[in-house]
Amino acid sequence: MKQYKDIFIDFDDTLYDTRGNAIISLAETFDYFSLDRYFDDPEKFYDSYWRTNIDLWSIYNKGEITRDYLIVERFRRPLSEGRGLGNVTEKFCLEVSDKFLEFCSVKPGTVKGAKELVEYLKGLGCRLHICSNGFHEVQYKKLHACGLYDYFDTIILSEDAGANKPSEQFFDYAFEKTGAKPETTLMIGDNYNTDIVGAMDAGLDTLLYNRWDSSFVPPRKPTYMVNKLEEIMKLIK
């Protein structure tokens with residue numbers, strides 16, 4: 001088994017239970033703004049939010065829209081489906097977004113096995129580096145809230161890199177910031193297109209945490225693939 005000196009690892013939905021925490025925060029946001037005045041069924045708002053959010057993040061990761069557009073639009077679309085809300089202004093969307101991110105940033109929930117994994121990797125002597133497309137002001141708060149911040153040697157965020165994963169610029173910045181070498185670095189992530197493809201193009205070994213679809217067959221085979229974080233500790237010695 002190859003020994004790795006550095007581990008690049010995605011944060012959202014790989015270690016941090018972003019979706020689970022966001023589900024709770026979205027309900028809190030719905031209640032805070034009394035959106036039941038406009039939606040007979042809150043599930044209509046939630047479903048629209050998730051469809052919109054997934055769509056926008058996919059485009060954002062390709063660098064086709066800005067962070068500011070994503071923040072406004074992911075709430076403008078679902079809010080526009082409400083009854084009697086009228087013209088949904090950018091100001092209101094930003095108010096809703098700010099409160100939602102405030103709720104999100106204090107949630108402590110991690111993916112099952114996340115803390116055990118980072119403790120194990122640190123015990124092997126690996127240097128650990130977060131590689132994330134998440135927003136700067138939110139990611140640090142979430143890292144502290146879930147108790148994982150102190151495990152990491154470096155936090156690499158797309159806003160600092162000036163480009164998103166999977167771009168070459170992001171990984172060039174990560175190498176420069178960490179001093180890691182591609183031949184002794186492993187990238188771990190749950191998103192094949194964002195985490196794995198870019199890392200393969202950058203010459204890294206890759207580990208796909210395939211938590212969303214056990215039947216998924218990657219077009220390009222990663223070095224490793226697991227369905228649970230606990231399995232990683234059996235692969236990396």
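Why is strand β5 largely enclosed by the rest of the structure? I started with this strand, residues 205-209, and found 5 of the 5 residues buried, so β5 is largely enclosed. Buried here means under 20% relative accessible area with a 1.4 Å probe, protein chains only.

Before going on, I noted that this is a predicted model, where local features need pLDDT of at least 70, side-chain atom pairs count only at pLDDT 80 or more, and totals for chains, interfaces and linings use all residues. Residues are numbered from 1 along each chain as its sequence is written, and side-chain values use heavy atoms, with hydrogens and water left out. Helices (H or I, at least four residues) and strands (E, at least two) are DSSP runs, numbered from the N terminus.

**β5 and its partner**
I checked which way the side chains go: Asp205, Leu207 and Tyr209 point one way from β5, Thr206 and Leu208 the other. Strand β4 (residues 185-189) pairs with β5 in the parallel sense over 4 bridges; pairing takes at least two DSSP bridges. Leu186 sits opposite Asp205 in β5.

**α1 on α2**
Next, the helices. I get about 135° between α1 (residues 18-32) and α2 (residues 42-61), with axes 11 Å apart. Axes are lines fitted to C-alpha atoms, for helices over the stretch in contact, and angles run from 0 to 180 degrees between N-to-C directions. The pair is therefore oblique, the class left over once angles under 35 degrees are taken as roughly parallel, over 145 as roughly antiparallel and 65 to 115 as roughly perpendicular. In α1, Arg19, Ala22, Ile23, Leu26, Ala27 and Phe30 meet Pro42, Phe45, Tyr46, Tyr49 and Trp50 of α2 (contact is heavy atoms within 4.5 Å). I sorted these residues into 10 nonpolar, no polar and 1 charged. Nonpolar covers Ala, Val, Leu, Ile, Met, Phe, Trp, Tyr, Cys and Pro; charged is Asp, Glu, Lys and Arg; the others, Gly among them, are polar.

**α2 on α3**
For α2 and α3 (residues 67-80) I have about 155° and axes 8 Å apart. They are therefore roughly antiparallel. By class, their contact holds 10 nonpolar, 3 polar and 5 charged residues.

**α1 on α4**
Last, α1 against α4 (residues 90-104): about 135°, axes 9 Å apart. This pair is therefore oblique. From α1 I listed Ala22, Ser25, Leu26, Glu28, Thr29 and Tyr32, and from α4 Val96, Lys99, Phe100, Phe103 and Cys104.

Definitions and conventions: Buried means under 20% relative accessible area, exposed over 50%, partly exposed in between (1.4 Å probe, protein chains only).
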